[in-house]
Amino acid sequence: MGMSVTISAATEQDAEQIFRLQYLCFQPEAALYGNYRIDPLVQTLDSVREEVARDCVFVARLGEEVVGSVRGSVTEDGAASIGKLCVHPRLQGHGIGARLLRAAESALADQHGATRFRLHTGHRSEGHLRLYRKVGYETVGTSQGADGIPMIVLEKPAGTYAATA
């Protein structure tokens, strides 16, 4: 009998696993852009710990192993900024990313008053764009990441939560 993946709020004890998972998951993104200085790869463990303590952070667990993560916080304009969504490569394509998005969106709207959700992804990240569009996000603009990578900005109103993919 196999274990089920569960989604829950991250705890301080999850920070190191989130840090390692993020480093693993964002390697293909770095390769796609030929830039290994993207934020998820240069972020420090202390910074991840600070985000877990401060922001709305959810993890996907398979037993005791953290196999997915997402972070969000509400910005001054009432939008929730969602980022660093990642799922372990061996478990991608099974709806875990959509479940993590749903958990973050629900908490950000219900507990933090977010009126809409906003996220950014690299302009060449077709898999990410497919997922985000599938769960209701629409392109609202472009920006440039601090690392110089052109980003697509996507949004959707609060209340239109992600369905399990």
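**Stop one: Thr121**

Select Thr121 and show what surrounds it: leaving aside neighbours within four places in sequence, Thr121 is in contact with His128, Leu129, Tyr132, Pro150, Met151, Ile152 and Leu154. Contact here means heavy atoms within 4.5 Å. You'll find Thr121 in strand β5. Helices (H or I, at least four residues) and strands (E, at least two) are DSSP runs, numbered from the N terminus. Is Thr121 buried or exposed? With 5% relative accessibility, Thr121 counts as buried. Buried means under 20% relative accessible area, exposed means over 50%, and partly exposed is in between (1.4 Å probe, protein chains only).

Before you go on, some ground rules. This is a predicted model, where local features need pLDDT of at least 70 and side-chain atom pairs count only at pLDDT 80 or more, while totals for chains, interfaces and linings use all residues. Residues are numbered from 1 along each chain as its sequence is written, and side-chain values use heavy atoms, with hydrogens and water left out.

**Stop two: the annotated stretch**

Now select residues 5-159, which an unreviewed UniProt entry lists as "domain: N-acetyltransferase". UniProt positions are given in the numbering used here, feature names are shortened, and annotations may be inferred rather than shown by experiment. Over residues 5-159, the chain is 36% helix and 34% strand, with 24 Å between the end C-alpha atoms.

**Stop three: the cores**

Next, pick Leu101 and Tyr137. In the largest nonpolar core, which has 31 residues, these two touch the most other members. A nonpolar core is a set of buried Ala, Val, Leu, Ile, Met, Phe, Trp, Tyr and Cys residues joined through side-chain atoms within 4.5 Å. Colour the elements that give two or more residues to this core: β2 (56-62), β3 (65-74), β4 (79-87), α5 (96-110), β5 (116-122), α6 (126-134) and β7 (150-157). Which of them gives the most? That's α5, with 9 residues.

**Stop four: strand β4**

Select β4: 7 of its 9 residues are buried, so the rest of the structure largely encloses this strand. Strands β3 and β4 run antiparallel and are joined by 6 bridges; two strands pair if DSSP finds at least two bridges between them.

Lys84 counts as buried, at 16% relative accessibility.

Now look to β5: 4 bridges join β4 to β5, and these strands run parallel. Ser81 has Arg118 as its bridge partner in β5.

**Last stop: helix α4**

Finish with α4 (residues 45-54), whose buried residues are Leu45, Val48, Glu51 and Val52. Look down the axis of α4: the buried residues fall within an arc of 115°, so they line one face of the helix. The arc is that of the directions from the helix axis to the C-beta atoms. On the other side of α4, Ala53 and Arg54 are exposed. To see what covers the buried residues of α4, show elements including α1 (15-25), β2, β3 and β4.
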